[in-house]
Amino acid sequence: MTTDSVDVAAERVLRVYNNNIENLVRNNPDGTCTRISGPDHLTSMLVDDGGMTGTSGVQAPDLLIVQQVRGIGQATAYADQLGAKFGYSAGAYKAIVAWDNPEEWGGSHHCSSQALGDLKKRQTNAIIYNTRTLSLASGDISKYWSAGWLKDAEYEDGKGCTLYKPPNADTGATYQYKWKRTSAIAARFTIKATGTTVFAATMHLPEENRRYACAGDGIKGIADSGIRLGADATSLMNASTIRVVGIDANRTDIAASTLSGYGMTGYGTKQTTSASKIDYLFIKGSVQPSSIGYTVDSTKSNHLALYGFINF
């Protein structure tokens, strides 16, 4: 058997992770930043069935739902680095991004080194999938949808929240393209071994969502969380058996039951950044128990990774 073949009789587990990888630049408490290599980041977040990193029991993931990558170039390089960890050739993992090459925005991005801050100026969201275990039809990728961006104002009850579409942008060149970091995207995959359909979505909600829930034009989102699924994404989700949504919501206290109307439950109970839990992984499927609360403490990112291993 070659390293690029797959045994259809192997254990039937879909291995899913979610992480805001922060363009592989980590902010330190003293205002400095550290550039993290893709292989080092992956080693820090991939776990075995017992939640341990760096063991022989760590197996190749099927889906990585990520936020804050620079575009298709970085996403593809990261995907190939993931494949190389398991002896696969380039292209074994493929990436879907909301924007291939988003424009730059912002200043230092809280890095004392401008060069490292510049690496975080292009931001989009991605889904990386294992082509050895999952297939993807060309029509099964949603149009992107904006998770919403708030202009400078005071709001409540979703007032003033705007759903952005090109060429709309905030005034002022500094933040003209910041809203692109909140463009979400989804896809429906098929597990090759069984034909089981799998929906996956990646979202990054605006920072203002922490204080004022914003999901689009004057709406606060599902259960006032700021979470919303686009029309194309909803159609793909409704046609899928397993469902997975990974989110950097920039908002605390989003209940595990928030997407229960779609049959999904939230996993991960610990804080994911500083002293807050703002990252969420919702799954519809038979999720294996986790001895570490589905949260990987060693993740080399500003955010800790969440994971779920789904039996099918």
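Reader: Which residue lies over the face of Phe309?
Author: Arg15 does, at 4.7 Å from the ring centre. A charge counts as over a ring if NZ of Lys or CZ of Arg is within 6 Å of the ring centre and within 35 degrees of the ring normal. This is a predicted model, where local features need pLDDT of at least 70, side-chain atom pairs count only at pLDDT 80 or more, and totals for chains, interfaces and linings use all residues. Residues are numbered from 1 along each chain as its sequence is written, and side-chain values use heavy atoms, leaving out hydrogens and water.

Reader: And what lies over Trp99?
Author: Lys180, at 3.8 Å from the ring centre.

Reader: Back to Phe309. Which cluster is it in?
Author: Ring pairs join Phe309 with Tyr17, Tyr267, Tyr294 and Tyr307. Rings of Phe, Tyr and Trp (its six-membered ring) pair if their centres lie within 6.5 Å; planes under 30 degrees apart are stacked, over 60 edge-to-face, and the rest tilted.

Reader: What does Tyr17 touch?
Author: Its contacts (heavy atoms within 4.5 Å) include Met45, Leu64, Tyr307 and Phe309, leaving aside neighbours within four places in sequence.

Reader: New topic. Is His303 buried or exposed?
Author: His303 counts as buried because its relative accessibility is 5%. Buried means under 20% relative accessible area, exposed over 50%, partly exposed in between (1.4 Å probe, protein chains only).

Reader: What does its side chain make a polar contact with?
Author: The side chain of Asn20, at 3.5 Å. Such a contact is a pair of N or O atoms within 3.5 Å; within protein, one must be able to donate a hydrogen and the other to accept it, and residues adjacent in sequence count only if both atoms are side-chain atoms.
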